[in-house]
Amino acid sequence: MKLLVFAITWLRRLPAAFTTLFAVCMLLYLLLVSAAVKAGGVQTISDLARTLLGIPDIPTVGGFDAAARVFWEGIIIVFLLLVGVLASYNTSAWTYRYVRRRPRPLCGAPTTPVPGTGKRLTKFNRIGIILAGGGAKGAYQAGALKAIHEFLEANGALSKVKMIAGTSIGSWNSMFWLADLIKTPADGGPSLHEQWWRSINAGRIMEFASFWPLSTNHFLRATPWRETFRQIFAEQKDVADHMARLFPAASGDPPIHFYFTRSNVERGVLEFATNWPGIAHLTRPQLRTADPDDREAVVAPDLYEVIAGDLADAMARTERAVFASMDLPPLFPYVSIKLDMTEWFEDGGVVDNLPVWFGTQIEHCDLLFVLPLNASFAAPVDHASVIHRMARVMDVRQGVIERNALKLTYLYNELAALRNRVEELGGESYVTRVSSASMASPPADPGENATLETRAGLRKHDPISVFSICPAPPLGIGTAEFWKPKEAGLAFELMYAATKYELAENFEADTNPNWLKMTLVSPRGERTQTDEF
């Protein structure tokens, strides 16, 4: 009974066109099997199987012919049902791809910021935004982004946002920020970003891929979602023209840098796409030699793709980058970035679900807005469901990855504070001598034998302020629940209100770099602080 209820529940969540086709195909299959039984003049399913497939007489087990017959009939019935389900699914999936409607277009234009007179962000020069992955939980993130946008605008700091990094659904939300589609338009209606989240449904996200056991490793395709991407960001002229500023010539510097992560399936490493050509020239002291004049690339050239130049080509490559970042396994097929199909990628959250390091080690921001989606992962223990247990493992894993990212950010601040303190003391310590720009000769012990303090002395950065806010369980919408537009709207409103209040009342305290904190927002809007990373 539970299995039947589970099946009916999932069928109700899927597009009606697909479920209707599947039900009709399954009914026709069962009628065909029944007709075959009658046409063959056989009495049982096992007799039908022997007749159609040439199976020999049903064997006996220990002389108990009746029990053996029941056993083998059960096996054959299960086999026939699986064949029917597989045939019905693939027939319905193939048909659905041709009869489904294109997602209803969502219209909107980039908004023009109104310079605010607030002074709460005057001490910051480089602001970054870090967006975690989390599937449909991105509705919470979207609400927080709206509040952050309003806060930055009110304090005249939107132009100080120099970078945005996203993993999975964070990459999707990043696109709306880049296109200036976050702010409420002049007519007072919802922004295009908010419209999208309030209208989510399975048909807008995916279509069904053919599935063959032992030869297919995914169930869905993101074709409708890709169509929505083009409708919003490429086919609306105002938006497309606005996006053009992000893709200068190969030597240009866009006003805001983006970073969309993805996981290289074969190599098992994190890669990313960016619109900043200058990353190729970003270097740091070579730590293995301890010589400040000997420098190395901050990021190896084979770990990133630079998107620049012609708008049409740049938008096509950006689309591939975003959907590689959102390629949640095992739902969607691998994404290939190169036309020769030599490399394959999946969701960036497989390796790093909260890419804070783009804001610290690459962009050297002095203020980050960090929006995790899994950093608080307490939940009741479920002893009854295998599916819930597997989902729980994924939630805990993603939560641990996000907490570790925040922990590394705190250690980044500790190292910066310690390094700056050594300089303030003005002593002739080994660290001071190694890091001094006026050092006349390299250290006496270069190479891999360089001491820890030598390498630490070569790292020059300042502590970073972090504003971090995250939904706390129980959540109203889960990772895969893209069929819940009402719940997505409530999540948007909850996080918008909580983030707006926290920014207005506690921004300075929350962003004190001496101790990293994160605000957790309960379903009732209650806010609590945690520093347990």
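**Helix α5.** I started with how covered α5 is: 15 of its 17 residues are buried. Buried here means under 20% relative accessible area, exposed over 50%, and partly exposed in between, with a 1.4 Å probe and protein chains only. Helices (H or I, at least four residues) and strands (E, at least two) are DSSP runs, numbered from the N terminus.

A note on the source: this is a predicted model, where local features need pLDDT of at least 70 and side-chain atom pairs count only at pLDDT 80 or more, while totals for chains, interfaces and linings use all residues. Residues are numbered from 1 along each chain as its sequence is written, and side-chain values use heavy atoms, with hydrogens and water left out.

Next I checked the length of α5. Its 17 residues (138-154) should span 24 Å at 1.5 Å a residue, and the end C-alpha atoms are 24 Å apart, so the two agree. The expected span is 1.5 Å times one less than the number of residues.

I looked at N155, in the loop between α5 and β2 (161-166). N155 counts as buried because its relative accessibility is 10%. A polar atom of the N155 side chain lies 3.1 Å from the backbone nitrogen of R120. I used the polar contact rule here: N or O atoms within 3.5 Å; within protein, one must be able to donate a hydrogen and the other to accept it, and residues adjacent in sequence count only if both atoms are side-chain atoms. G156, which follows α5, has a positive phi near 60°.

**Second largest pocket.** Its volume is about 570 Å³. Of its 26 lining residues, T360, Q361, Y412, R459 and H461 are the closest to the centre. β7 (283-286), α12 (357-362) and α13 (386-425) are the elements that give two or more residues to the lining. Which of them gives the largest share? It is α13, with eight residues. By class I have 14 nonpolar, seven polar and five charged residues in the lining.

For the record, a pocket is an open set of points on a 1 Å grid over the protein atoms alone, where a 1.4 Å probe fits, with protein on both sides within 12 Å along at least five of seven lines; lining residues have an atom within 4 Å of a point.

**Cysteines.** How many disulfides are there? I got zero, taking a disulfide as a pair of cysteine sulfur atoms within 2.5 Å. C365 is buried because its relative accessibility is 4%. C470 is buried too, at 0%.

Most residues other than glycine have a negative phi, and most peptide bonds are trans. I therefore wrote down the exceptions that follow.

- S168 is not a glycine, yet its phi is positive, about 55°. S168 lies in the loop between β2 and α6 (169-178), and is buried at 8% relative accessibility.
- H364 also has a positive phi, near 50°. H364 sits in the loop between α12 and β11 (367-371), and counts as partly exposed at 42%.
- The peptide bond from P329 to P330 is cis, with omega near 0°. P330 is in the loop between α11 (311-325) and β10 (345-347).
- P473 and P474 are joined by a cis peptide bond, with omega about 0°. I placed P474 in the loop between β12 (465-471) and α16 (485-510).

Conventions
Points joined across faces, edges and corners; volume = space filled by probe spheres on them. Nonpolar A, V, L, I, M, F, W, Y, C, P; charged D, E, K, R; others polar.
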